[in-house]
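Visitor: I have a structure to look at and some questions about it. Could you take me through them one at a time?

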Amino acid sequence: MTMWIYVLALIGCFLKLPTTNGAPPIRVVNGDNSCSGRVEIFYNGRWGTVCDDNWGMNDAQVVCRQLGCGEAISALSQAYFGQGSGTTWLDDVACRGTESSITQCPHSGFGNEDCSASEDAGVVCAVQNNIRLTAGDAYCSGRVEVYYDDQWGTVCDDGWDISDAEVVCRQLGCGQAVKAPGGAHFGQGSGATWLDDVDCVGNERYLTQCPHNGFGKENCDATEDAGVVCVGNMKMPNLSLLTANTALLPGESVKLKCSITSHRPMTANFTLYRTGTSNQRESAEQMSVTFNLFDLTSSDTGSYTCDYFYQGERNASSIQSNAITITVVDLHQPGITCSAPEGGLSREPGGPHITKGYSFTITCSTAPQFPGGAFHLRFAGSNSSVTIEPAVNHSASFYFPAADLSHQGNYSCVYQVELSSRQFYSMETEKLAVIVQGGCDNVYSKMWIGAFTLIGCLLNLQTANGAAPIRLVDGATSCSGRVEVYYRGQWGTVCDDRWDLSDAEVVCRQLGCGEAISAPGVAHFGEGSGKIWLDEVRCLGVESSITDCSHNGFGNHDCSASEDAGVECSDVISIRVVNGDNSCSGRVEIYNNEEWGTICDDSWDMKDAQVVCRQLGCGEAITALSLAYFGQGSGTTWLDDVGCKGTENSIAQCPHNGFGVENCGAHEDAGVVCTVKNDIQLVDGGDAYCSGRVEVYHSDQWGTVCDDSWDINDAEVVCRQLGCGQAVSAPGGAHFGQGRGMTWLDEVACRGTESSITQCPHNGFGIENCAASEDAGVVCVGEMRRPNLTLLTANTAFLPGESAELRCCFTSHRPMTANFNLNRMGRSEQTESQEQTSVTFNLFNLTSSDEGSYSCNYYYQGQRNASSDQSNTVTITVVDLHQPGITCSAPEGGLSREPGGPQITKGYSFTITCSTAPQFPDGMFHLRFSGSNSSITTEPAVNHSASFYFPTADLSHQGNYSCVYQVELSSRQFYSMETEMLAVTVQGNLLPFIVAGVVGGVLLLLLLGSTYIFCTKRRQSSTARVTWECSRESVTMNTYGKRNLTKSEPRKGEDEDDDDYLSVDPQEDEDDYENVEMEDHDEDIYENVEIEDQEQDESIYANA
């Protein structure tokens, strides 16, 4: 048994048992291809970096081998490819260069390091290819060399151009080509010149696919070696703001930094864009540039991006960066007005006169610029004060319930808004002088006042005790919310004690909001702040004001803010205008049943428009538009056959068919154009209500502006003041017809940054020397909406040679020719001019150079062009897959590479690896086999390769293997060209013969040993037999069986011998001996008989 243990141990020594070493995964990041970048290792569940201490070419060689790349070109340090994040896993790596994994090299231990992210190590490996670039100052530029007939050779520059360079750069995964230098620009190569007269179209996968004279057929010398300059992987730049805020005042400055990650030693051209239009351009060899915007004006407001490009025989551009919005806050000067809804107001040249005891309201308002904000009402009279109210629809009202002499003085407004955590204030309005004149307190001291005055005063006293103002806050519409009452100069809430539907009915009626639907309590619309003015309100439901109802008295309550009362009224209607040029024009939409919907234009007229304009807080109605003038809406048509009288406060108060009762289509949506409350207007502009003759309101009448010195800067101010966007032209000569009345302004000389035309230098109101034939006009573009870019073909991924259609469209009401640009990667590709609001761009016979992110914009051309923002982007991908590669390996040995293909020893494991140059993530490889049978095996691609493992080679694996790469893009499958066939031969395994020989030798040794032992024992046995035979013969001769005595036995006398002879039968002994001698031929039997005879003789001897 022990012998066989030794035999098996001996056999085991001859067998090589494979072991696996699970090396942690490795990758390179931020390089130009899959074989260059910052080295990162996956360990303990996360990726980390390698420190550059002692980092050298031996270390890089191991990394390149582990990545499946070619030879190491560079071992880079000091975070050349950018700083990584996370743990630094390895430090002090010291490879010999022969290891198969970086973790097999000596190092300090995982996580044991004294490095920072600025010391991250990187590598540049050769991409396994039959082409390379040498002697360049960047690893994606240099002299072109081709591997053929087992040696590297150069390419001649005859016919060499940028299309040839494009193929080389693509084949190497080095991005776009920008230059194709000849004349041995990168130095003279050595060896053969393999290619000459190369003539690529530019879309080939490999340089050798291009037409050429044939390998080695050339008439060139080394001074004509061709080269290329590729840009590598052009990453998206980053735009950052170097100043504190994105909101700035006119005249301030801002700095924007555009930075990139690049390893190209080339001059980059950086471009800064504002809303898609180039604003500034800088060239720098550094990886960043700073753009300065000095002396900002409102025209600098916009969304800024940047990109960069390398200039050469063919420019190569990056995609655009992130966007930063800059807002130049040039607030309009607000307006101020005084009103007295109960009477007692007279307008005098010096300012309004309010009768003492009457209520009056000061209203501050401004043209729409920014949402929210607040108004400060400044008062200077018997005392000075500042009161603040939040802006609602760009205005705020300050209510004074009973005028007295303390209210007499000068009032002015300032508008305040917060943007980017910064407070901005408008110019102060002109002073409004309010005079409070005597009232009824003089009745009894001045008897000469007539009876009518007395009666009037008594009536006024009754009116002065009128209802306190109320409002609804924090509801979904103006007719729902928390109830608040204005009393003693401040707003306060109402407690919900005894609050019911009768109380809500009074509130809804007082606000003109129809009938009450509900009367929620417990702060249903949120808790208010300030006083609680009313408690225990008990209305009958017929009162005209909430303060007419029974209550505890102003300020008498036992409530908290959690008990604030609210209401919902039947006219819970919010209204808006959509797709117009400002907040007072557009398609009319109302909010009902939690959905925005439209109004049908059946019976739609100016009275309806007047109600809408009033409800919007705009000025007078200019136009009531129909037939979806502002575009078709979506959702429900809520109202039809609206028939307003024009005096209603809400469109819902007008007669109509009922909500949702209609027989209309979306092409019948109604719209309005209202005036923006302003002292300027445009007249006779035709279909374009943001163009026309300029008229100014002064001294209670409208008048014109003379065209002397009138230019585009003046027009810019007018367009801004009206909320009509940018100006494109400033026509004079009564282009829009002659006006009537006064010519109010002449020699207007605006800089273009003013907020109002009257702020510009001019001769003074009414000082002019013009005729009506010189009336000035403007053409504004209105709100230029962002266009929409749509793909009219089914997919965004295409094969080379296919075509794509892109449509750029926008919503506009300008009767002007628009110029459309189709941009790829931020650079204009095609331009079309159309009077329509859409255009279709065709991309025919697509190639890989057509790949990119497409957007569009449009602009109006005039004295000053006006451009829109860029549209959404549509990414076009032209899928021209590289032909993959195929290799065979056998990690346990047993592989020999022969001219006809690899030979695998039977019984060994082997691996077929399919790989491709990086183009798209993921995908899969199909391994096709043709041999004793045919099959297709599929594996997902990992890092652009897949391995097919065969644990034990046998004859069924012998045959031809090939790879096809497949990727899915835009729900479409794409397949590469098949690789060349790899012929694999499986040959016999010599190991069994070796083992058999060893076993045979051992057995032979065992046999020889056994034979030797046998022979030795036989020799000993033969000697014993001869001795025995001699003894037997002696006994026989000593007369009838007398045995020889041993030396120790005493001899007996002759008499004793005679006695023995008497008891022995000589004949019997003789016969016995003869029988044994004849029968016992076998050695063992002979020995046994020999022993028996001996025993018998001893017995006989004893008996005798």
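Guide: A disulfide is taken here as a pair of cysteine sulfur atoms within 2.5 Å. The model is a predicted one. Cys750 and Cys760 form a disulfide, with their sulfur atoms 2.0 Å apart.

Visitor: What is the mean pLDDT of the protein?
Guide: The pLDDT is the predictor's confidence in each residue, from 0 to 100. Of the residues, 84% reach 70 or more. Over residues 1-21 the pLDDT is below 50, and over residues 1033-1104 the pLDDT is also below 50. For the protein, the mean is 81.

Visitor: Is the disulfide of Cys258 and Cys306 right-handed or left-handed?
Guide: Cys258 lies in strand 15 and Cys306 in strand 19, so the pair ties together parts that are 48 residues apart in sequence. Cys258 is buried, at 0% relative accessible area, and Cys306 is buried at 0% as well. The torsion about the S-S bond is about 80 degrees, so the disulfide is right-handed.

Visitor: Which handedness does the link of Cys613 and Cys674 have?
Guide: The sulfur atoms of Cys613 and Cys674 are joined at 1.9 Å. Cys613 is in helix 6 and Cys674 in strand 43, 61 residues apart. Both Cys613 and Cys674 are buried. With -85 degrees about the S-S bond, the link is left-handed.

Visitor: Is Cys1015 buried, exposed or partly exposed?
Guide: Buried means under 20% relative accessible area and exposed means over 50%, with partly exposed in between. Cys338, at 3%, counts as buried. The value for Cys1015 is 37%, so Cys1015 is partly exposed.

Visitor: How many of the residues of helix 7 are buried?
Guide: Helix 7 covers residues 712-721. Among the buried ones are Ile712, Val717, Cys719 and Arg720. What covers them includes strand 44, strand 45, strand 47 and strand 49. Of the ten residues in helix 7, the number buried is nine.

Visitor: Which residue has a side-chain oxygen that reaches the backbone nitrogen of Asn713?
Guide: This contact is at the start of helix 7. The two atoms come to within 3.1 Å, and the oxygen belongs to Asp711.

Visitor: Is Arg587 buried or exposed?
Guide: Arg587 is found in strand 39. A polar atom of the Arg587 side chain lies 3.2 Å from the backbone oxygen of Phe630, and the side chain also reaches the backbone oxygen of Gly631 at 3.0 Å. Beyond its neighbours within four places in sequence, the contacts of Arg587 include Thr598, Gln632 and Asp669. Relative accessibility is 6%, and under 20% counts as buried, so Arg587 is buried.

Visitor: Why is one side of strand 59 and of strand 65 left without a neighbour in the sheet?
Guide: The open sheet has three strands in the order 59-62-65, with antiparallel pairing. Strands 59 and 65 stand at the edges, so each has a single partner strand.

Visitor: Which residue of strand 65 is the bridge partner of Thr913?
Guide: Strand 62 and strand 65 run antiparallel and are joined by six bridges. In strand 65, the partner of Thr913 is Ser947.

Technical notes. Residues are numbered from 1 along each chain as its sequence is written. Side-chain values use heavy atoms; hydrogens and water are left out. Two strands pair if DSSP finds at least two bridges between them. Helices (H or I, at least four residues) and strands (E, at least two) are DSSP runs, numbered from the N terminus. Buried means under 20% relative accessible area, exposed over 50%, partly exposed in between (1.4 Å probe, protein chains only). A polar contact is a pair of N or O atoms within 3.5 Å; within protein, one must be able to donate a hydrogen and the other to accept it, and residues adjacent in sequence count only if both atoms are side-chain atoms. Contact means heavy atoms within 4.5 Å.
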